[in-house]
Every structure is written in C-alpha cells, then in structure tokens.
Number of protein chains: 2
Amino acid sequence: MSPHQYAQQNHPRFLTELKELVSIPSVSTQPQHNADVQHAADWLTAKLEKIGMSAEQILMPKGRHPLVLGQWLEAGDEAPTVLIYGHYDVQPAEMADGWLTPPFEPTEKDGKLFGRGATDSKVNTMTQLKALESLLQTDGRLPVNVKFIIEGEEESGSENINAFLDAHGDRLNADYGVICDGGIVEPDQPSIVCGLRGIVTAELEVYGPSKDLHSGHYGGSIHNPIQALCEIIAQLHDENGRVTVPGFYDNVRDFSPLEREDLAQIDPYFNQEWDNVAGAPAHWGEIGYSAHERTGIRPTLEINGIAGGYAAEGFKTVLPATAHAKISCRLVANQDPVRIYQLLEKYINELTPDTVMIKLTECDMGASAYLIDMSSHAVKTARQAYETHWGVPAIPEMAGGSVPITAALDPFVSEIVAMGFAHKAGQPHGPNENIILRNYERAIATAITFLQTITKTG
Amino acid sequence: MSPHQYAQQNHPRFLTELKELVSIPSVSTQPQHNADVQHAADWLTAKLEKIGMSAEQILMPKGRHPLVLGQWLEAGDEAPTVLIYGHYDVQPAEMADGWLTPPFEPTEKDGKLFGRGATDSKVNTMTQLKALESLLQTDGRLPVNVKFIIEGEEESGSENINAFLDAHGDRLNADYGVICDGGIVEPDQPSIVCGLRGIVTAELEVYGPSKDLHSGHYGGSIHNPIQALCEIIAQLHDENGRVTVPGFYDNVRDFSPLEREDLAQIDPYFNQEWDNVAGAPAHWGEIGYSAHERTGIRPTLEINGIAGGYAAEGFKTVLPATAHAKISCRLVANQDPVRIYQLLEKYINELTPDTVMIKLTECDMGASAYLIDMSSHAVKTARQAYETHWGVPAIPEMAGGSVPITAALDPFVSEIVAMGFAHKAGQPHGPNENIILRNYERAIATAITFLQTITKTG
C-alpha cells in the first residue's frame with residue numbers, strides 16, 4: 001500500500017484524532033489552562049512514539065510549556081534533513097465572543113469542523129503528523145530525515161523555544177525548514193506565503209485620579225483617563241490611514257511595480273474573502289495600496305483591546321482612576337521590532353499631557369517580518385506538491401499575520417518554506433474558528449508528496 | 001427625655017442598624033440583586049412601622065423596585081407638611097474595583113464606616129429615620145406632618161418613582177421638600193447645596209467588521225472599531241477643555257461676578273479635598289473656571305466606561321467587531337436634557353466616518369439641573385440647624401452630582417432644601433466608600449432640630 005492509499009483509508013481515524021486534539025483547551029496565555037497545555041503536549045508525544053519516531057519534551061528554565069520534539073534520522077546522509085515546525089497551543093475562546101458551538105467541543109457542520117485551534121494551528125500540526133505516519137507505516141521509513149518541533153507558547157511569546165534556540169539551536173540544524181502554520185487564500189486555491197509580517201505588542205496604561213471617583217462630583221475638573229487614552233490613540237493615525245509615529249516607515253522595504261503586479265494575482269481572492277469574512281462597512285487603510293498590500297507589505301498599528309471604567313450592563317457614573325489599551329504593530333521587511341517599540345514609546349510620551357500619567361509595557365511577542373525567496377528548491381517543491389493535489393498552481397501571497405518563529409529558525413536551516421493548510425476565512429483567533437474538512441485530506445497528501453520529492457541538492 | 005437625649009443614648013443601636021442596612025447589597029442596576037433590593041425595602045418598611053409611622057410599598061407597572069412611603073400626618077393643619085426624600089439602592093461594587101474590605105460587610109476603621117452605600121445614601125436615609133424615631137419615641141408625636149418617601153431605583157433610572165409622580169404625585173404634596181442625599185464639603189464644615197447638576201447618559205457602540213478577526217490577517221485594511229471609537233471620543237473636547245458638541249453651551253446660565261465671589265468661599269475646602277481625594281497629576285477642565293465651578297456651574301461630557309477587543313491578562317491579537325463607551329453629560333441650569341441628547345446624537349453622527357457604523361442609545365437617567373433659592377425659609381432653617389450642631393455657619397455649594405429627583409419633586413412642594421450628611425471625600429460610587437462615624441450623630445441631631453424649627457409660614 002502506498003502512503004497516499006494508507007492516508008485515504010485511515011482518514012476517518014485521522015479526523016477523529018484531529019478532533020481529540022482540538023478538544024484539548026491548550027490556551028497558553030491563561031494560567032488556568034496550564035494543565036490542558038501539558039495534556040496536549042503529552043498527547044502529541046505519545047502519538048509521535050506510536051508512529052515510530054523518537055519523542056521528547058523540552059522545557060527550558062524560562063519556559064512555561066514544553067516543546068515536543070519528534071525525530072527520525074535514519075534516512076542517511078544522502079537524504080536531506082527537514083525541520084518541520086508546528087504549535088499545539090491556541091488563543092483564548094469563550095462562548096460570549098460569539099461562538100455558535102462550544103469552542104472546545106469540535107463540531108462538524110456544512111463540511112467544516114468548528115473549534116478553537118482547528119485552523120490555528122492544529123490542522124497543520126496534525127497534517128504533518130499524519131503524513132509522517134502514512135510514510136512510516138507503509139514504507140517502514142521516511143524518505144528524508146525529519147526533526148518535527150512543536151511548540152506550546154506560539155500564542156504567548158515563544159519564550160521556551162527561543163531559549164532552546166539560543167542554547168541548543170544546532171540540534172535543529174536542517175537543510176530545509178517547513179513552517180507549518182497559517183493557511184491558503186481560498187479553500188480551492190492554494191497559495192504559498194512569501195512574506196510574513198513581524199509584530200511588536202504593548203500595553204498602554206493611563207492613570208489619572210488616585211482612585212475611582214464619582215463623575216458628578218469631580219467630572220469637569222479632572223482629565224478623565226479614558227478620554228486621555230482615546231485622545232492619545234486618536235493621534236496614532238493620520239487622515240490618510242498612515243501611522244503617525246515619527247520614523248515608523250523609515251526602513252520599510254518598497255516593492256517594485258513588477259513585484260506589486262505579481263502580488264496583485266491574489267487580489268480577486270483576497271477582496272472576495274475580505275467582503276465575505278471581514279464584512280466591514282467600507283475599506284479603510286493606507287491610501288495608495290490595495291487591501292492585500294495593506295495587510296501584506298505595509299506595517300500597521302492596531303488597538304487589540306481597550307478597557308476602563310464601567311462598561312458592563314447598566315450605568316455607573318464613575319470617573320475611573322485608570323484606563324488601558326493593548327496595542328500591536330504589524331511590521332514588514334526591514335523594520336526592527338526593538339526600534340519600532342522605542343519610536344512608539346517616545347511618541348506616546350510626547351503625546352501624553354501633564355494631566356495624566358502613562359505606563360507603556362512591552363509584551364513578549366516582538367518579531368521581525370520575514371521575506372522568503374520564491375525561487376528556492378524548497379518553495380518550488382512545495383508549490384508542485386500543492387498543484388498535484390489541488391489541481392491548480394499555487395499563487396504567491398504576502399501574509400499579514402506574524403509567524404515569529406520563521407525568523408528565529410532561519411539561522412539553522414538553509415532554505416525555509418511556509419506550508420499552511422488552513423484557509424484564511426477559517427476565523428483564526430476569532431469565534432467559530434473552522435477548517436474545510438475536505439482540505440485536511442488534501443493537506444496530508446500534499447505533505448506526503450513534499451517529503452517524497454524534496455531532495456538534498458535541489 | 002428630649003429627642004436629642006434619646007438620640008444620644010440610642011446611638012450605638014442606631015449605628016448597628018445603619019450597618020445592617022449597608023450590609024444588604026441593594027444594587028438596583030444588577031438583576032441578580034433584585035431580591036436584595038426588595039430585602040432593603042422590607043427592612044425599611046418594618047422600621048417605619050416599628051417607630052410608629054404608617055408604611056407602605058408602592059410598585060408601579062413600570063417599576064422594578066418599590067418605593068417605601070412612611071407617613072405621620074397627625075400634627076394638625078397649623079403645622080407644615082414636610083416631604084423627606086431618600087433612596088435605599090446602591091451602585092455596584094466588587095473587590096476588584098480596589099476595595100480594601102468587602103463592600104457589603106460594613107467595617108469600622110479610623111473613625112469611619114466603610115461599605116457600599118454608606119455615603120450614598122444609606123447614612124442619609126438612616127439619619128432621617130432615626131431623627132423621626134427620636135421625636136416619636138420621646139414626644140409621642142412629630143412637630144410636623146411627615147411624608148418620607150424612599151426609592152429603590154435612584155441609581156438605575158428612577159422609573160418607579162417617576163411613574164408614581166406622574167400618576168399620584170399629589171399624594172406627596174407638601175410645604176417643604178427635603179432632599180436627603182449627598183453630603184457636606186468637609187467633615188467639619190457643613191455646606192448647603194444650592195445647585196445640582198442634571199445628567200444625560202448614553203451608550204455609544206461602534207461596529208466595524210461583521211465578526212472578530214485576526215489582526216494580522218486583516219489589520220491595516222479595516223477601520224478598527226476601537227480606533228474609530230477613540231477618534232470620535234477624542235473630538236468631543238477641544239484644547240480648552242470645552243465640549244465641542246455644537247450648541248452644547250447655548251442656554252447655560254451665566255453666573256455674575258458677585259455670585260461667583262459667593263461661591264468662591266468654598267474654594268479652599270474644595271481644592272484641598274480635590275488634592276486629597278482626586279489626587280490627579282494636575283488640574284484639568286474648562287479654561288477660565290475654578291475646580292469648584294468646573295464641577296458646579298459648568299456642564300461636562302464624561303466617558304464613564306469603555307470596552308472593546310481583548311483587554312484582560314495576556315494578549316489576543318484580535319481586530320474586534322465592535323467597541324463601546326458609556327457617556328454622560330452633567331448639565332447645569334437652563335440646559336434641557338432632551339435637547340442636549342439630540343445635539344450629542346447629531347454631532348456623533350456627523351463625526352462618524354463611513355468605515356464604521358454606530359448606534360447611540362439613551363440610557364434612562366436624564367434629568368435637568370436644579371437651582372435652589374438660598375433665601376427661602378427652608379434653606380435658612382436648614383442652615384441654622386447645621387450651625388447649631390456643627391458650630392460653624394454652613395456655606396453655599398454648587399454640587400456637581402445629579403439628584404434628578406429634586407426637579408421631579410419640585411411641582412409638589414412649595415420650597416425645596418437639600419440636606420445631605422455624608423462627606424464628599426467618602427467615595428460615593430467608588431471603592432472604599434465611607435462615612436465619618438461622628439458625623440452620623442451630628443446628622444441625626446441636625447435632622448431633629450430642622451423638624452423642630454421649620455414652621456408653616458416661615
């Protein structure tokens with residue numbers, strides 16, 4: 001039986017196992033889910049061992065959740081070594097966010113599987129695991145040497161993997177790095193990511209009165225921290241949708257007209273998906289760029305959360321002591337996260353009036369953007385594998401999201417390629433996150449073909 | 001025994017009973033406390049009956065929490081009829097707001113009693129109840145006819161009392177109305193309120209994408225609702241601290257230089273209290289006015305709450321579908337709440353870009369401001385009563401807070417006077433709300449003296 005036949009015959013079980021993994025609420029940002037995150041790590045470790053790979057868990061002193069490292073290195077020197085990266089942790093999810101089904105009870109409906117982590121990124125991790133199983137269980141071996149590293153802090157700072165890379169990164173040395181996170185532009189149109197945005201995150205706290213006050217008694221005589229916070233935030237963009245932080249765009253890589261024409265191939269898909277998924281009343285963004293460019297080759301400053309005073313049911317006439325916002329900047333090629341944070345900090349300090357005090361805290365998710373060479377052997381092999389199983393050529397895409405690990409793994413591999421199998425409309429980080437069931441099968445086939453066709457010399 | 005002696009001898013029990021009432025979490029804005037609000041009403045009804053007054057509960061079809069009406073009308077036609085107003089409901093309170101002791105476990109410390117509702121307004125309601133008890137239990141009668149109306153929705157829209165006033169307001173007809181809410185400027189300096197601000201409240205919701213999105217995938221191509229909300233809010237004040245809503249100041253009553261000089265008597269107390277209680281980094285507000293004037297004779301627009309996206313522990317890179325803020329305007333003499341809401345609605349609609357949608361909802365707390373005639377018999381009698389028991393003349397004050405009931409009761413009484421016994425530093429609506437224990441005793445004595453000295457003809 002060929003690996004592809006094995007994968008087809010065993011697909012019902014592969015789906016059951018994916019659901020098992022999705023049902024584990026491995027939310028790495030919330031300490032109350034620590035045991036669940038560990039459960040997911042243990043589950044993956046057992047699966048790796050069962051299919052015939054060595055498996056270990058690695059927890060560095062700085063780490064909170066272990067890396068799972070599966071290895072099979074018996075393909076010989078002539079075969080390339082492929083490092084596959086995935087993650088098993090997920091974003092928080094609550095019914096109140098707008099879920100129609102419980103986020104950790106994976107539910108099939110309309111040819112989709114709904115659940116937190118289905119798209120980001122358990123479908124990707126499971127795709128690789130099942131491709132490896134299919135190869136090992138039929139051929140008794142893999143065509144390449146494989147190091148499969150799966151982290152548990154992708155959604156919460158990646159401290160453990162970064163500490164591991166600092167100390168023992170050479171253990172992951174490989175010819176090729178496969179970043180298995182993210183997805184394709186449209187369920188029937190594979191795309192291959194040639195750029196990922198970086199990120200810097202910060203929390204901005206504004207302090208006014210020493211305690212919460214009665215807004216009748218004091219209102220009008222105190223600079224309300226919510227108002228001051230809003231006034232600062234409102235000055236972070238200009239009327240052309242550009243970020244006003246001085247120096248923010250200084251090093252941003254310009255794309256040539258030819259490059260922009262190439263990237264424009266994706267526009268019809270991107271715009272349709274934008275209409276279907278985003279559904280905002282109108283487009284918005286930096287003037288002079290398409291929606292795909294605004295999310296792919298241009299940096300942003302986004303407010304991801306804000307809170308202050310009493311905003312729940314009813315009305316509380318409070319003049320609050322404090323208000324805060326969570327801010328992230330998505331970065332593009334040539335922007336340095338450290339410098340961007342410093343520029344942001346300097347500018348926000350300049351914007352702060354003497355009627356309030358502020359505190360800006362860097363959160364632990366800084367990462368540079370990453371551009372991938374589309375002419376490399378790894379990318380060509382991946383594109384061919386997608387074309388074989390999807391039946392149409394894969395088109396290039398600049399992904400708006402951040403996969404900080406890409407830059408972090410760069411020193412240890414010769415070529416890197418991003419192979420995601422989710423679809424962008426699958427609501428990663430949002431409510432009702434989902435994958436297309438049919439694509440899970442094509443994804444596993446694609447991953448098998450990639451491992452069968454990648455060669456050491458290209 | 002005189003009523004004053006009775007009050008002194010029974011003060012320990014009076015304090016115990018105040019604590020009993022404070023320990024009832026009668027939060028009228030939160031449905032989960034409905035039974036507690038009813039408990040407070042029943043508790044007061046029983047107390048009124050016990051001291052020899054008739055007592056009833058009144059719940060109109062629109063109401064959620066009953067009015068408690070206690071009456072004693074046997075003083076004869078020569079004696080005046082005094083309508084006393086109080087409320088038994090309180091604002092929400094949670095330890096997380098910064099309480100040092102559980103808000104509904106009244107705690108004595110440093111000569112103060114801490115607890116939600118201690119200041120606003122259970123000390124005031126209990127002061128009148130205990131003054132009435134002291135008179136009835138010693139003289140066997142009251143020197144005046146009394147209608148004591150205590151509402152349970154002061155913090156949540158006053159629908160019940162407003163419906164009652166519309167239908168049966170004449171049942172409250174009286175010569176004098178005593179609004180027993182609020183407090184004095186400083187624990188040892190009584191002040192008498194000659195103006196109360198009105199209020200209009202609204203909730204502003206901003207809608208962007210149809211659902212929460214991944215801020216990496218879509219960030220930069222969508223007008224983030226939090227950002228749009230902040231941009232709207234930031235345009236509601238100008239650089240001189242003035243509200244920018246067109247027409248907002250059109251009808252605001254100007255105060256003459258002489259009037260402003262009178263009001264300036266309170267400035268030293270007000271400014272010291274501002275420093276002690278508010279403790280903001282710097283003064284802020286409408287240029288050209290003192291802090292007392294900013295809170296007393298000038299209208300405001302305040303943001304009482306804001307929420308959007310993920311603002312809790314950790315970081316969630318979400319581009320939220322919606323964000324909202326709670327807005328209140330404190331109004332001054334001659335401003336019409338209905339017109340101010342309309343002006344606000346019109347302006348916010350003008351400020352809203354076509355990249356988002358908004359919804360503005362009026363909350364149920366609209367009320368006009370109220371100016372009180374300082375030369376009336378009621379006010380003079382009240383000032384004398386304060387001076388008798390505090391030892392210093394009571395000074396005039398423009399209160400920043402809103403006591404909507406003042407205007408609502410105006411048609412049914414000839415003269416109105418505000419007699420509050422809490423102190424402004426007592427953190428009404430905030431954490432660690434408290435009263436000065438010693439002042440509870442002086443307050444009861446003052447209330448007794450007022451009822452003994454108010455006459456029908458002035």
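**View 1. G198(A) sits in strand β10 of chain A.** In this predicted model, strand β10 covers residues 198-207 of chain A, and G198(A) has its place there. Is G198(A) buried or exposed? Since 20 or more other C-beta atoms within 10 Å make a residue buried, G198(A) counts as buried, because 26 other C-beta atoms lie within 10 Å.

**View 2. Here are the contacts of G198(A).** Which residues does G198(A) touch, once its neighbours within four places in sequence are left aside? They are L331(A), Q335(A), P337(A), A367(A), S368(A), A369(A) and S402(A). Look for D336(A) too: 138 residues separate G198(A) from D336(A) in sequence, while their C-alpha atoms are 8.9 Å apart in space.

**View 3. Stepping back, chain A is built from 14 helices and 20 strands.** Along its principal axes, the C-alpha trace of chain A spans about 80 × 50 × 45 Å. A compact globule with 458 residues would have a radius of gyration near 23 Å, and chain A agrees with this, having 23 Å. How much of chain A is buried? Of its 458 residues, 60% count as buried. Now take the contacts in chain A with a separation of 6 or more: 81% of them come from residues 24 or more positions apart.

**View 4. Chain B can be superposed on chain A by a rotation of 180°.** The shift along the axis is 0.0 Å, and the RMSD is 0.1 Å. The two copies are thus related as by a two-fold rotation axis. Through which surface do the copies meet? Of the interface residues of chain B, 100% are also interface residues in chain A, so the copies meet through the same surface.

**View 5. Now for the contact between chain A and chain B.** How many residues does each chain bring? Chain B brings 83 residues and chain A brings 83 residues. On the side of chain B that touches chain A, the elements giving two or more residues include α7 (225-234), α9 (267-278), β12 (300-309) and β14 (322-331) of chain B. Of the elements on this side, β12(B) gives the most, with 9 residues. By kind, the residues of this side of chain B divide into 31 nonpolar, 38 polar and 14 charged.

**View 6. Strand β12 of chain A pairs with β12(B).** In chain A this strand runs over residues 300-309, and the pairing with β12(B) is antiparallel, over 5 bridges. What stands opposite G305(A)? It is G309(B), in β12(B).

Definitions and conventions. Residues are numbered from 1 along each chain as its sequence is written. Chains are lettered from A and ligands numbered from 1 in the order in which they are written. This is a predicted model: local features need pLDDT of at least 70, side-chain atom pairs count only at pLDDT 80 or more; totals for chains, interfaces and linings use all residues. Copies are superposed by least squares on the C-alpha atoms of residues with pLDDT of at least 70 in both. Two residues are in contact if their C-beta atoms, placed from the backbone, lie within 7 Å. Helices (H or I, at least four residues) and strands (E, at least two) are DSSP runs, numbered from the N terminus. A residue is buried if 20 or more other C-beta atoms lie within 10 Å of its own, exposed if 12 or fewer, and partly exposed in between; C-beta atoms are placed from the backbone. The radius of gyration is taken over C-alpha atoms; the globule rule is 2.2 Å times the number of residues to the power 0.38. Ala, Val, Leu, Ile, Met, Phe, Trp, Tyr, Cys and Pro count as nonpolar, Asp, Glu, Lys and Arg as charged, and the others, Gly among them, as polar. Two strands pair if DSSP finds at least two bridges between them.
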